[in-house]
Number of protein chains: 2
Amino acid sequence: MAVYTDVTAEDLSAHLARYDIGELLSFKGIAEGVENSNFLLHTTAGTFILTLYEKRVDPADLPFFIGLMEHLSRRGLNCPQPVKMRDGETLGELAGRPAAIVTFLEGMWIRRPQVAHCAAVGRALAELHLAGDGFAITRVNALSVKGWRPLYDRARDRADTVAPGLAATIAAELDHCEANWPGSLPTGVIHADLFNDNVFFLHDSLSGLIDFYFACNDILAYDLAICLNAWCFSADFEFDFAKGMAMIAAYQAVRPLSADERNALPLLARGSALRFLLTRLVDWLNVPPGAVVTPKDPLEYLSKLRFHQHVKSPTEYGLA
Amino acid sequence: MAVYTDVTAEDLSAHLARYDIGELLSFKGIAEGVENSNFLLHTTAGTFILTLYEKRVDPADLPFFIGLMEHLSRRGLNCPQPVKMRDGETLGELAGRPAAIVTFLEGMWIRRPQVAHCAAVGRALAELHLAGDGFAITRVNALSVKGWRPLYDRARDRADTVAPGLAATIAAELDHCEANWPGSLPTGVIHADLFNDNVFFLHDSLSGLIDFYFACNDILAYDLAICLNAWCFSADFEFDFAKGMAMIAAYQAVRPLSADERNALPLLARGSALRFLLTRLVDWLNVPPGAVVTPKDPLEYLSKLRFHQHVKSPTEYGLA
């Protein structure tokens, strides 16, 4: 939620000469994106977003992220479309950082999503999974099952300061997920972070998906499990059956789940809850002194994990 | 440079129903304004800025600030124009904060201004001084000569940690300014903070003035002295005669200075340098632990003050 790198009008105007998007009228650093610096640009050709990729993004991943947005928007998905420079390149350099310009999507994210919003997200997620087919570059999900134990190792010693018994709960869940994680479900490009603030709506219609910087190749149904966790619980972390049912039905209307995928859903939901519990826990335990940003509460995902641990059948998520 | 208050799409959409500026399409918190939270809004009617006034702004000053922008834009000055609600009000409340919406000005601030930019600023400043005439509300300048000694008292004990002898230099200058400060020069509405980042240019033409949150009633020529300090020194704090000459000539083409104003210019420039030296020094000595923002270097204004102390005639600023 910050602008990490200072960009001058003089440098940006010079940079835009490489593009065919008109003349710069104004630009504002926007408080969006935890990892990168983002600027909203007005030019004589319209509105754009300039992203400067900061230290936490591996430059080797940029061809995947930018290529994916190009691939998906070419397939008709509403997502930021990287703008090509006159020489055909989409990745440049500005203020010493890798830099890309993408089209601007109007729309707002919804703080308190309703059933209809969850359905729209289910449909868009399935469309993303289909549209990702054929994308040539791959990217391993560093935050899938193999990445969780190293996170646990970083949090273990102090986990119980956050909640009594938390270390043991996580250790047992980790063992369970590692032992049972499915190896043969359909995989493809997943968004992997499709939370509320990455989905824009206009007049209750989904207008676009943003922030593909966790996207990777992984089990497609795991992405749905992430969305069930992110969208289908109430404010006090109770599962909302109506939302789950709407999301899954809308997903299946575009991309029906196989029997194996359906049966794996409770486990995938547990794994997804564990993943966000772990990353939030690590962030919670490592807040830099004087930090302005409050880290997200890890215990939200402990509640969600406990719900999934008691699920006996995928029908409890609303699967018809 | 931050967004201090969180605004939801739901709350903002409801708030906009009080206005006649179309439907909300998107909004982004922007990294602008040290004191307040600012959001860039796209609506079906255009682009606007929403400002939420945070703790550091005295609500009693808001009718002055907002009324002044209305007054100046009605007089043809290019500045943000407060948008009236359907009931005629310009000041509302959102997220528990006083809130106003103003028109958006395209343009960018210039990092390395040239002589022509300084001339444009001189002209715009004089236009502002004329346009401010007749504005009914007044506001005392808390950062004029009477406000400096309290700042010095806060910084005195640690001033020499910033530069050897700084406390004595400031004390002597303070005595000089207090003893000689002019009491009978023309006064009116001044901007009082017309630094580079508050002046927008498009294709080297000045497109607007922003940030009226230091505006107040004070000596008009003091505002020009602030601009000479802010715009007419080189990167290594040498006075740039060509810029000074251009700025003063352009100012006088719109509002000629009286003989008294001309003669007072060196003293007003000293006072203005002292004012920014003092506020920067206090900020420098009071950086909160872990702060992200680097305070501005007070010693820049010590250099400028030393220049002004050696000025023997206003012609040294480029006065014809």
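Cys79(B) is in contact (heavy atoms within 4.5 Å) with Met69(B), Leu72(B), Ser73(B), Thr103(B), Leu105(B), Leu209(B) and Phe212(B), leaving aside neighbours within four places in sequence. This is a predicted model, in which local features need pLDDT of at least 70, side-chain atom pairs count only at pLDDT 80 or more, and totals for chains, interfaces and linings use all residues. Residues are numbered from 1 along each chain as its sequence is written, chains are lettered from A and ligands numbered from 1 in the order in which they are written, and side-chain values use heavy atoms, with hydrogens and water left out.

**Around Cys79(B)**
- Cys79(B) has a relative accessible area of 4% and is therefore buried (under 20%; exposed is over 50%, partly exposed in between; 1.4 Å probe, protein chains only).
- C-alpha to C-alpha, Cys79(B) lies 9.8 Å from Leu128(B), at a separation of 49 residues in sequence.

**Salt bridges**
- Over all chains, the whole structure holds 28 salt bridges (a side-chain nitrogen of Lys or Arg within 4 Å of a carboxyl oxygen of Asp or Glu).
- Arg111(B) pairs with Asp6(A) in a salt bridge, with the closest N and O atoms 2.6 Å apart.
- Arg111(B) is partly exposed at 22% relative accessibility, whereas Asp6(A) is exposed at 55%.
- Glu261(A) and Arg255(A) form a salt bridge at 2.9 Å, N to O; Glu261(A) is buried at 2% and Arg255(A) is buried at 11%.
- A network of salt bridges links Arg149(A), Asp175(A) and Glu178(A).
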